[in-house]
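Subject: Structure handover

Hello,

Here is the structure I promised to pass on. Please open it alongside this note; my findings follow below.

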Amino acid sequence: MAHDKKVIELNINGSDYDIACAPNTTLLEALREKVTLTGTKRGCDTGACGACTVMMDGEAVLACLVLAVDAEGSTIRTIEGLSEDGKLTPLQESFVEHGAIQCGFCSPGFVMSATELLKENPNPGREEITRKLSGNLCRCTGYLKIYDAVEAVASDSSGGGAE
Amino acid sequence: MKVLNTVGRRVPMHDAAAKATGQAQFTDDLLQPGVLWGKRRR
């Protein structure tokens with residue numbers, strides 16, 4: 001049965017988009033398939049793995065659990081919108097330096113979740129980091145290096161300078 | 001003994017930056033709108 005599509009307005013990574021979406025289109029599908037921003041990954045599509053984490057109006061959400069029509073008018077930031085002019089953020093640099101990236105499929109989600117964490121608390125402790133990132137799964141099981149990478153940025157910012 | 005260039009050193013993963021920024025393409029990322037998923041042969 002055909003569903004009427006609705007055109008929704010989204011600001012994604014600083015650009016305005018009008019996207020025609022069916023009522024059951026998720027924000028994840030809209031980003032990946034309509035805007036072809038494939039940095040946001042489809043892992044489980046059920047809200048269990050965190051691979052599709054994006055910022056919606058500054059808050060980290062699972063894009064597979066948000067209907068595109070419910071995102072109408074919101075401001076979205078995806079992994080593609082974090083680094084400016086191809087320059088990695090300190091957190092992304094830290095992921096690379098600490099070997100926190102293996103197959104890389106979970107990395108965009110982890111980076112988005114950790115970015116939100118560091119925005120809320122620039123200097124989180126280990127326990128806060130692990131709790132915040134508990135919604136992100138890494139099938140390579142590289143959790144410790146990921147936590148190390150986030151922790152290093154936390155102590156960096158408390159020291160007041162980028163490495 | 002020859003000096004080793006790689007063994008014992010930390011070597012940055014060549015595609016880590018691309019993966020950290022979402023630029024790396026996985027198989028599921030190669031699908032574009034209008035892509036042909038399959039065709040039935042009778």
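Which residue takes a positive phi in the hairpin of β3(A) and β4(A)? It is Asp57(A), with a phi near 50°, and the hairpin has two residues between the strands.

First, some ground rules. Residues are numbered from 1 along each chain as its sequence is written, and chains are lettered from A and ligands numbered from 1 in the order in which they are written. This is a predicted model, so local features need pLDDT of at least 70, side-chain atom pairs count only at pLDDT 80 or more, and totals for chains, interfaces and linings use all residues.

Confidence
The predictor gives the complex an ipTM of 0.88 and a pTM of 0.89. Chain B averages a pLDDT of 87, and 93% of the residues score at least 70. Here pLDDT is the predictor's confidence in each residue, from 0 to 100.

Chain A overall
Chain A has five helices and five strands. Both are DSSP runs numbered from the N terminus: helices are H or I with at least four residues, strands are E with at least two. Along the sequence the pattern is β-β-α-β-β-β-α-α-α-α. The C-alpha trace of chain A spans about 55 × 30 × 25 Å along its principal axes.

Buried residues make up 44% of the 163 residues in chain A. Buried means 20 or more other C-beta atoms within 10 Å of the residue's own; exposed means 12 or fewer; partly exposed is in between, with C-beta atoms placed from the backbone. Of the contacts in chain A with a separation of 6 or more, 56% are between residues 24 or more positions apart. A contact needs C-beta atoms, placed from the backbone, within 7 Å.

Two domains
Chain A is divided into domain 1 (6-81) and domain 2 (90-159). The bounds come from an automatic or database domain assignment. The domain centres, taken over C-alpha atoms, are 22 Å apart. Twelve residues of domain 1 are in contact with eleven residues of domain 2. On the domain 1 side, strand β3 (residues 53-56) gives the largest share, three residues. By class, that side has seven nonpolar, four polar and one charged residues. Nonpolar covers Ala, Val, Leu, Ile, Met, Phe, Trp, Tyr, Cys and Pro; charged covers Asp, Glu, Lys and Arg; the others, Gly among them, are polar.

Strand β3(A) and its partners
β3(A) pairs with strand β4 (residues 59-62) in the antiparallel sense over four bridges. β3(A) also runs antiparallel to strand β5 (residues 75-77), joined by two bridges. Strands pair if DSSP finds at least two bridges between them. Met56(A) has a bridge partner in each: Glu59(A) in β4(A) and Ile76(A) in β5(A).

Positive phi in loops
Most residues other than glycine have a negative phi. Asn13(A) is not a glycine, yet its phi is positive, about 50°. Asn13(A) lies in the loop between β1 (6-12) and β2 (15-21). Asn13(A) is partly exposed, with 17 other C-beta atoms within 10 Å. Asp45(A) is not a glycine either, and its phi is about 65°. Asp45(A) lies in the loop between α1 (27-34) and β3. Asp45(A) counts as partly exposed, with 16 C-beta neighbours inside 10 Å.

Helix α2(A) and chain B
α2(A) is mostly covered, with six of its eight residues buried. Those buried are Leu91(A), Gln92(A), Glu93(A), Ser94(A), Phe95(A) and Val96(A). Gly99(A) follows α2(A) and has a positive phi near 65°.

How many residues of chain A are in contact with chain B? There are 19, and they meet 15 residues of chain B. On the chain A side, α2 (90-97) and α3 (107-120) each supply at least two residues. By class, that side has eight nonpolar, eight polar and three charged residues.

Best wishes

How values were computed. Two residues are in contact if their C-beta atoms, placed from the backbone, lie within 7 Å.
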